[in-house]
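The structure is displayed first, and the notes come after it.

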Amino acid sequence: MTSDLQNLQAEMGAILETSSLGSVIPMSFKNDPEAIEATQKSVAIYDRSHWGLLKISGEDRLRFLHNQSTNSIQILKPGQGCDTVFVTSTARTLDLATVLITEDTILVLISPNRHQQLIQWLDRYIFPMDQIQLQDISSDYAIFNILGPNSSNLLNQLGVQDLQQQPYGCHQILEIAGSSLLVAVGSGLSTEGYTLIIPTSIAASVWKILTEKGAVPLGEIVWQHLRIRQGRPVPDAELTEDYNPLEAGLWQTLSFDKGCYIGQETIARLNTYKGVKQLLWGLRLSGSVSPETPIYIDEAKAGKLTSYTNLDGEHFGLGYIRKKAGGLGSKVKVGDIEAEVVNVPFLNHPPV
């Protein structure tokens, strides 16, 4: 059964598809070039409701999440947030998540294809004496991102005026359409913007208000294109058990002085002994190529492509390349396609 939000999006031209996980996703609003331009020159809106949303409550909630992920969670106060990475005991990446601290809970926004896995994984580490409640509240809330240089102006029209200069993850409650929603700094990409967590009962009303005020609808195809162009790694592509957060360029999500957490020993050793062997880079390509294609430098295999897009007419990809083989500015071949290694704004590589 389609929701009021999906019916409204269909009326606006959305091509809706049901994912393998059962979520109905607006893939495109038949306006892909306009949506890309809106993220650069005005404001766009992306429906991220098919992602997972977890709520962690109980007296031990900060300590618990602090011990299960890479960033320093215990230092955060209500109204603050950050990105963090869930890793295995050997520091292989499971997911890049956004954490928002409220007065009495922690909200954790996770990738759609890591939803069930992370719930089960976190539940394994809740022990009988822990004051922890872990809930999946994904179906209770819609999640929207507004992206682009006019995103702050759009929020100003709704009465949000003191988030503009706040750090990533800072958030506040906004009253709109007769209910409360949470607005957080950060679009999920390197583009300026915000994340809105909205009760499903008012999701359609909020979508209508934001689009009527000029936000251009943006589908999943455009979001995937933007995240590749900007270098945001995602599970099953750049985030797999073949790679660790340092290799994935997620330096900003790591704390090296927070003490013990799952995977901490391996990450500390990699950092201390310069053990990072490969890095994720952007690749400006001369032609079309498929993910998983090997990357070569001087006829020697140096890595592999993980993602590819050409929605804006330019061939672009992400791929891991061995540090000793080449880095920024290197000329490589992806299969038979010539390419150049370039920076992408989302990634932060460890110091050389």
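The model is a predicted one. Its largest nonpolar core has 30 residues. Two helix pairs are described, H2 with H7 and H1 with H6.

**Helix H2 against helix H7**

- Helix H2 spans residues 32-41 and helix H7 spans residues 220-230; their axes come within 10 Å and cross at roughly 50 degrees.
- H2 and H7 are therefore oblique to each other, and their crossing is right-handed.
- On the H2 side the contact is made by Asp-32, Ala-35, Ile-36 and Thr-39, and on the H7 side by Ile-221, Val-222, His-225 and Leu-226.
- By class, the residues of this contact between H2 and H7 are 5 nonpolar, 2 polar and 1 charged.

- H7 is largely enclosed by the rest of the structure, because 8 of its 11 residues are buried.
- The buried residues of H7 are Glu-220, Val-222, Trp-223, His-225, Leu-226, Arg-227, Ile-228 and Gln-230.
- The cover over the buried residues of H7 includes H2 together with strands E2 (24-28), E3 (44-47), E13 (216-218), E16 (300-309) and E17 (316-322).
- Just after H7 comes Gly-231, with a positive phi of about 90 degrees.

**Helix H1 against helix H6**

- The axes of H1 and H6 are 8 Å apart, and the two helices pack at an angle of about 30 degrees.
- H1 and H6 are therefore roughly parallel to each other, and H1 passes H6 in a right-handed crossing.
- Asp-4, Leu-5, Leu-8 and Gln-9 of H1 meet Ala-203, Ala-204, Trp-207 and Lys-208 of H6.
- The contact of H1 with H6 is made up of 5 nonpolar, 1 polar and 2 charged residues.

**The largest nonpolar core**

- Within this core of 30 residues, those with the most contacts are Phe-144, Ile-146, Leu-181, Leu-196, Val-206 and Leu-210.
- At least two residues of the core come from each of helices H1 (4-11), H5 (151-157) and H6 (203-212), and from each of strands E9 (141-147), E10 (171-176), E11 (179-185) and E12 (193-199).
- H6 gives the largest share of the core, 5 residues.
- Leu-196 touches Ala-142, Ile-143, Phe-144, Ile-146, Leu-181, Leu-182, Val-183, Val-206 and Leu-210, leaving out residues up to four places away in sequence.

- Leu-107 is found in strand E7, residues 105-110, and is buried with a relative accessible area of 11%.
- Not counting residues up to four places away in sequence, Leu-107 touches Leu-53, Leu-54, Lys-55, Thr-98, Val-99, Leu-100, Thr-102, Ile-137, Leu-182 and Ile-197.
- One of these contacts, Ile-197, is 90 residues from Leu-107 along the chain, with 9.8 Å between the C-alpha atoms.
- Gly-282 has its place in strand E14, residues 278-285, and at 0% relative accessibility counts as buried.
- Beyond its neighbours within four places in sequence, Gly-282 is in contact with Phe-316, Gly-317, Leu-318, Glu-340, Val-341, Val-342 and Val-344.
- The C-alpha atoms of Gly-282 and Asp-162 are separated by 34 Å, and these residues are 120 apart along the chain.

**Loop residues and backbone angles**

- Most residues other than glycine have a negative phi.
- Asp-236 is not a glycine, yet has a positive phi of about 70 degrees.
- Asp-236 is placed in the loop between H7 and helix H8 (264-272), and is exposed with a relative accessible area of 52%.
- Glu-292 is likewise a residue other than glycine with a positive phi, near 85 degrees, and lies in the loop between E14 and strand E15 (294-297).
- Glu-59 lies in the loop between strand E4 (52-57) and helix H3 (61-68), and counts as exposed at 71% relative accessibility.
- Glu-59 and Asp-104 are 8.6 Å apart in space, C-alpha to C-alpha, and 45 residues apart in sequence.

Notes:
Residues are numbered from 1 along each chain as its sequence is written. This is a predicted model: local features need pLDDT of at least 70, side-chain atom pairs count only at pLDDT 80 or more; totals for chains, interfaces and linings use all residues. Side-chain values use heavy atoms; hydrogens and water are left out. Axes are lines fitted to C-alpha atoms, for helices over the stretch in contact, and angles run from 0 to 180 degrees between N-to-C directions. Helices (H or I, at least four residues) and strands (E, at least two) are DSSP runs, numbered from the N terminus. Angles under 35 degrees count as roughly parallel, over 145 as roughly antiparallel, 65 to 115 as roughly perpendicular and the rest as oblique. A crossing is left-handed if the near helix is turned anticlockwise from the far one by less than a right angle, and right-handed if clockwise. Contact means heavy atoms within 4.5 Å. Ala, Val, Leu, Ile, Met, Phe, Trp, Tyr, Cys and Pro count as nonpolar, Asp, Glu, Lys and Arg as charged, and the others, Gly among them, as polar. A nonpolar core is a set of buried Ala, Val, Leu, Ile, Met, Phe, Trp, Tyr and Cys residues joined through side-chain atoms within 4.5 Å. Buried means under 20% relative accessible area, exposed over 50%, partly exposed in between (1.4 Å probe, protein chains only).
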